[in-house]
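Reader: I'd like to learn how to read aromatic contacts and a ligand site. Could you walk me through some?

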Amino acid sequence: MRIKYKSVDELLKLRDAGLAVSEILDDICAAAVPGASTADLDRVAANGISRLKVKSAFLGYQGYPAVLCTSVNEVIVHGIPRDDEVLRDGDIVGIDFGSFMHGFCGDSARTIVVGGQTSPERQKLVDTTRESLEKGIEKCYPGNRLGDIGEAVQLWAEAQGYSVVKDFVGHGVGRQMHEDPPVPNYGRSGTGKRIKSGLVIAIEPMVNAGARDVEVLEDEWTAVTQDRSMSAHFEHTIAITDNGPWVLTQAAPSPGSP
Ligand code: MF3
Ligand code: CO
């Protein structure tokens, strides 16, 4: 599959899709309070889908059974929402949501701390993962390379003593949730494909407090840290423009906003 560079018209559709994802994620995150189940969060996501008249990108994707991924504590990604999984104060939960609008996809994830209290260790892991995504986004200028993005993400996380997951990577985004190119959260600057204006990618660092090794549970979705250390995940869908990154799944302006 070749990279599909987007026209201005397509970028505007991707922006609408991205804003819908951001709005629905706001609702889901607000509902992630102690006592809520991860299935409750899936229902909040489903309500957002009907209200904004978008189509889930996850439900049915390779047989995935929900509209949301909820990844609690040692779960890295692809946790399936459950009625019997109740959130507790101090849990960290990765909330990953994607949907289609006008035929185009938005894909984004956040990790939040549930309730008022968590350990400083967990908070630092969450903050560092969000910052590592920001470091990657800062490299999204035409002429840079995918390795510049990966290295920026990796160095920021590893400087805090964490590891970045290599088994899952970011991806191009367009009419499909997963398009070329793969976007690793690791690499070396000056290597990899050159990025240019019109490229739309999801950068999605998964950062583990312990080792980077992944284990997939018997449900064939839930990816946990092999050492059961905590893990955090953030993701944005980003358009590369002549002025730099336009973070499509974030309402606030970015350097490449029109
Ligand atoms: N946002 C994720 C990704 O980029 C989750 C998709 S997994 C799914 O790959 F099965 F739920 F769709
Ligand atoms: Co993604």
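Reader: Are Y64 and W221 buried or exposed?

Author: Buried means under 20% relative accessible area, exposed over 50%, partly exposed in between (1.4 Å probe, protein chains only). Here, both Y64 and W221 are buried. Keep in mind that this is a predicted model, where local features need pLDDT of at least 70, side-chain atom pairs count only at pLDDT 80 or more, and totals for chains, interfaces and linings use all residues. Residues are numbered from 1 along each chain as written, chains are lettered from A and ligands numbered from 1 in written order, and side-chain values use heavy atoms, leaving out hydrogens and water.

Reader: How many aromatic pairs are there?

Author: Rings of Phe, Tyr and Trp (its six-membered ring) pair if their centres lie within 6.5 Å; planes under 30 degrees apart count as stacked, over 60 as edge-to-face and the rest as tilted. This structure has two such pairs. F58, Y64 and W221 make up one aromatic cluster.

Reader: Which residues are closest to ligand 1?

Author: A residue counts as near if one of its heavy atoms lies within 4 Å. Ligand 1 is surrounded by 13 residues, the closest being D96, D107, H171, H178 and E204.

Reader: How much of ligand 1's accessible area does the protein cover?

Author: Such areas come from the Shrake-Rupley method with a 1.4 Å probe; for residues, only the protein chains shown count as cover. Of the 330 Å² that ligand 1 has on its own, the protein covers 95%.
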